[in-house]
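Could you walk me through this structure as if I were seeing it for the very first time?

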Amino acid sequence: MTKIPLYLAPLAGYTDQAFRRLCKDWQADYLVSEMVSADGLIRNHSKTLSYVLFSDYERPYGVQIFGSDPYVMAKAAESLIPFQPDFLDINMGCPAKKVVKRGAGSALMKTPHKAADIVREVKKALAGTMRLSVKFRSGWDAQNQNYRDFGLMMQDAGADILCLHPRFQKQMFSGHSNWEHIRILKEVISIPLIGNGDVDSPEKAQKMLKETNCDAIMIGRGALGRPWLFKQIKEFFEKGSYSPITKAQILEVALKHLDYALMTKDEYVVVREMRSQLCNYIKSMPGSKDLRAKINHAQSADEIREMIRDFFLNCP
Ligand SMILES: Cc1cc2nc3c(=O)[nH]c(=O)nc-3n(C[C@H](O)[C@H](O)[C@H](O)COP(=O)(O)O)c2cc1C
């Protein structure tokens with residue numbers, strides 16, 4: 001019987017309070033916010049702060065920040081202390097153009113000394129109030145595969161935990177993540193390492209653990225529309241088998257997701273944001289295309305609720 005902590009990955013546009021809560025219901029151990037702009041935090045934008053908010057139920061919970069200036073990142077970290085999250089995560093892996101062109105996210109892997117300065121300054125600003133983790137990739141591209149030295153530098157600069165998503169910036173989310181990099185990094189660092197990338201089943205979680213010896217597993221896309229994956233992984237690690245999810249359960253979870261969203265956001269916003277979230281629950285089911293089109297035109301939560309109920313009651 002192996003017990004390994006399971007993290008829900010930060011997923012911008014998806015891992016809001018509602019989805020985090022749902023994943024916690026299904027036994028995710030650690031939750032992380034969507035990425036939050038350090039610039040936005042120090043300007044105290046209410047929209048930015050809305051990404052930080054969480055309930056005690058979500059603990060242990062971390063806020064992830066992104067930015068490129070050590071001073072701004074430290075100030076942003078300091079501004080989070082009153083919220084008392086359990087950890088702060090620094091995003092050094094985001095490949096998106098609008099982030100890397102500002103020298104943030106995975107662009108920091110091209111400037112490792114600046115990245116280390118950020119970790120040192122943020123660590124100082126946090127003054128022991130919470131743990132500090134750093135999430136990064138294998139490097140910018142295959143010619144600049146610096147995850148090993150980069151990880152060691154972040155450890156020396158004061159990171160308490162590292163998380164590796166072993167793809168290059170240039171790959172964005174294509175191809176496969178190279179778990180061998182997780183194994184190699186784990187061998188050389190002395191702080192815990194979270195393995196991330198392409199885990200979408202209990203079998204893959206077990207394979208990642210076996211192949212890399214990582215200390216925790218982080219799951220992103222595999223949990224979208226499938227928050228029960230965390231429970232299934234735990235069952236599999238404990239008993240070697242896991243219960244399949246039933247259609248009735250999927251319907252219940254999808255409706256709960258909608259209800260949770262309405263607890264923290266205005267209906268107008270929820271109706272629009274839930275379009276992509278809810279489609280994940282029905283993705284591979286017959287007739288899902290038609291339902292997706294209908295949900296895209298829905299104007300109220302009640303309408304969506306009815307559409308989903310009808311779909312599940314009538315699906316074979
Ligand atoms: C839609 C989407 C949004 C993401 N947002 C973030 C983010 O805000 N911060 C971050 O560090 N990584 C982000 N990622 C990357 C994931 O956290 C994760 O590293 C990646 O998807 C690989 O894990 P997976 O195969 O389990 O999804 C995002 C990925 C996707 C697909």
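Eight strands form an open sheet, in the order E1-E8-E7-E6-E5-E4-E3-E2 and with parallel pairing. Strand E1 (6-8) and strand E2 (31-37) each have a single partner strand and stand at the edges, so one side of each is left without a neighbour in the sheet. On average, neighbouring strands of this sheet are turned by 25° against each other, direction ignored. Before we go on, please note that this is a predicted model, in which local features need pLDDT of at least 70, side-chain atom pairs count only at pLDDT 80 or more, and totals for chains, interfaces and linings use all residues. Residues are numbered from 1 along each chain as its sequence is written. Strands (E, at least two residues) and helices (H or I, at least four) are DSSP runs, numbered from the N terminus, and two strands pair if DSSP finds at least two bridges between them.

E2 and strand E3 (residues 61-66) pair in the parallel sense over five bridges. The bridge partner of Val32 in E3 is Gly62, and Ser37 stands opposite Phe66 in E3. Six of the seven residues of E2 are buried; a residue is buried if 20 or more other C-beta atoms lie within 10 Å of its own, exposed if 12 or fewer, and partly exposed in between, with C-beta atoms placed from the backbone.

Now move along to E5. Six bridges join E4 to E5, and the two run parallel; here Phe87 has Arg131 in E5 as its bridge partner. E5 and E6 also pair in the parallel sense, over six bridges, and Arg137 has His165 in E6 as its partner. E5 is mostly covered, with eight of its nine residues buried.

Helix H6 (residues 112-126) comes next. Its 15 residues should span 21 Å at 1.5 Å a residue, and its end C-alpha atoms are 21 Å apart, which agrees; the expected span is 1.5 Å times one less than the number of residues. Among the buried residues of H6 are Ile118, Val119 and Val122. The buried residues of H6 pack against helix H4 (70-80), strand E4 (87-92), strand E5 (131-139) and helix H7 (147-157), where a contact means that C-beta atoms, placed from the backbone, lie within 7 Å. After H6 comes Ala127, whose phi is positive, near 45°.

Another pair of helices is worth a look. The axes of helix H12 (residues 267-282) and helix H14 (residues 301-314) come within 10 Å and cross at roughly 15°; axes are lines fitted to C-alpha atoms, for helices over the stretch in contact, and angles run from 0 to 180 degrees between N-to-C directions. H12 and H14 are therefore roughly parallel to each other, a term for angles under 35 degrees. The contact involves residues including Val270, Met274 and Leu278 of H12 and Ile304, Ile308 and Phe311 of H14.

Finally, some backbone details. Most residues other than glycine have a negative phi, and most peptide bonds are trans. The bond from Arg59 to Pro60 is cis, with omega near -10°, and Pro60 is found in the loop between helix H3 (46-50) and E3. Met172, in the loop between E6 and H8, has a positive phi near 50°. With 12 other C-beta atoms within 10 Å, Met172 is exposed.

Conventions: Two residues are in contact if their C-beta atoms, placed from the backbone, lie within 7 Å. Angles under 35 degrees count as roughly parallel, over 145 as roughly antiparallel, 65 to 115 as roughly perpendicular and the rest as oblique.
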